[in-house]
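Have the sequence and the 3D view ready.

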Amino acid sequence: MKNGILIAALMTVFSTTTYAKVDICVFDLLGKAGESYKMVEEWALAAKSWNADLNLIPYQDEAKAQNDFEDGKCDGVSMTSMRARKYNKFAGSIDALGAITSNSIAQKAITYVLDPRNKHRMVTKVEGDEFEVAVIAQIGLAYVFVHDKNINTIEKGKGKRFAYLHYDQAQKMIVERLELVGVPSEISDFAKKFNNNQVDVIAAPAYAYKPLEIAKGLGANGAMFNFPVINLTGDIIIRPDKFPANFGLKSRDWAIKQLPKNFATVARLEAEIPAKYKQGLSAEDKRRYQQMLRDGRIELTKLGVYDPVMMGVLKRARCTVERTNFECSLSGE
C-alpha cells in the first residue's frame, strides 16, 4: 500500500509542469504602451506553453535595460539589434547600412535568419557567457528627416548637424563620410534634439514619428526622404541555460508566425506619416547613395562590424526582389 502511495506521489510530481521563472528586461520608448512591449507580452504568454514563466520589466532607457541584463538582473532582454549585435553579429547584421531597401526584403531576411537551419548561428559565446537570439521583429525602415526640404542631396547636407546613435560604429562612419557634423545621441533623445533645433537631420522609422512628435521638428518646411538608409529590427536575447530545453527554437518558430502581423503594423505606421512631408529622390541620386552605402558595408564587414555570411544573404534577398539593381552583377558582398 505504501509503495502504491509513493508511486502515485512521484507520478504527480513528474506530471506537474515545471515553470522556469525568468525576468526579462524590455526596452520600448513608450514603456508598457508601446508596440514592442505588447509584442513581448504576447511572446511571454506563448512561453507558458513552453514551460517558461516570464516576468517582464519595462524600460524606456535602452542603455539601462542592457546594463541590467549584463549585471544579471534579468536573463533576457528585448532591445534594438544595433545594441544586440554585441551578442550575435549574424542576426545583428540584418540592419547593415542600406542592406535592406524595402519591407519585402526585410521579411525575407528575417524569415531566413529565424529558420531552424540557422539554429547553430543563433547561439554564441561572448566573453565566456552564452547567449541566444530568441526573437527578431521588424521595427521598420529608417528614413532621413530634415528641417529644410531643400537639403535634398548629400552635397547640401555637408556641415549640417546629424544626431547619430553613439554606440553604432556604422552610423559614426557614414556621418564622417557625408561630412556631416555628428551629434552623439541615444534613442531616447535624438528626436528631441531635432525638435529643439539642436540638430538639422535625423534618421528614424515610422514607429518613432508620432510618439516622438517628429512633426514638430519638420514644421512647415521639413521633409522625409523616401530613401531608406538603414533597417531597424528588435531582438530578444536570452541566456539559454536559464530557460527550458529548446526554448529558443520554439521562440523563433513563434516569431516567424508573427511576421505578417508585424509587417502590417509597420505598413500602417508608414502610411500614417502625412504625404506632404514625403519627398522622393532622383534615380541618379538613389544609385549614388546605394553605391556609397554599399562601399560602407563592405568596409565595415572587413573591420568585423558586420557578419560576411549575412551580407551575402542580404544581397541575395535584394537581388531576388530587385533583379535589375546595378549591384546584382557586382562581386564583393
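Buried means under 20% relative accessible area, exposed means over 50%, and partly exposed lies in between (1.4 Å probe, protein chains only). This is a predicted model: local features need pLDDT of at least 70, side-chain atom pairs count only at pLDDT 80 or more, and totals for chains, interfaces and linings use all residues. Residues are numbered from 1 along each chain as its sequence is written, and side-chain values use heavy atoms, with hydrogens and water left out.

Now to the links themselves. A disulfide is a pair of cysteine sulfur atoms within 2.5 Å. How many disulfides does this rule give? The count is 2. Number the bonded cysteines along the chain, and the pattern reads 1-2, 3-4.

Start with Cys-25 and Cys-74. Their sulfurs sit 2.0 Å apart in a disulfide. This link is left-handed, with -105° about the S-S bond. It ties together distant parts of the chain, 49 residues apart. Cys-25 lies in strand E1 (residues 20-27). Cys-74 lies in the loop between helix H3 (62-70) and strand E3 (76-80). Helices (H or I, at least four residues) and strands (E, at least two) are DSSP runs, numbered from the N terminus. Are these two cysteines buried or exposed? Cys-25 is buried, at 0% relative accessible area. Cys-74 is buried too, at 1%.

Move on to Cys-319 and Cys-328. Here the S to S distance of the disulfide is 2.1 Å. The torsion about the S-S bond is about -100°, so this disulfide is left-handed. Cys-319 has a relative accessible area of 16%, so it counts as buried. Cys-328 has 26%, so it is partly exposed.
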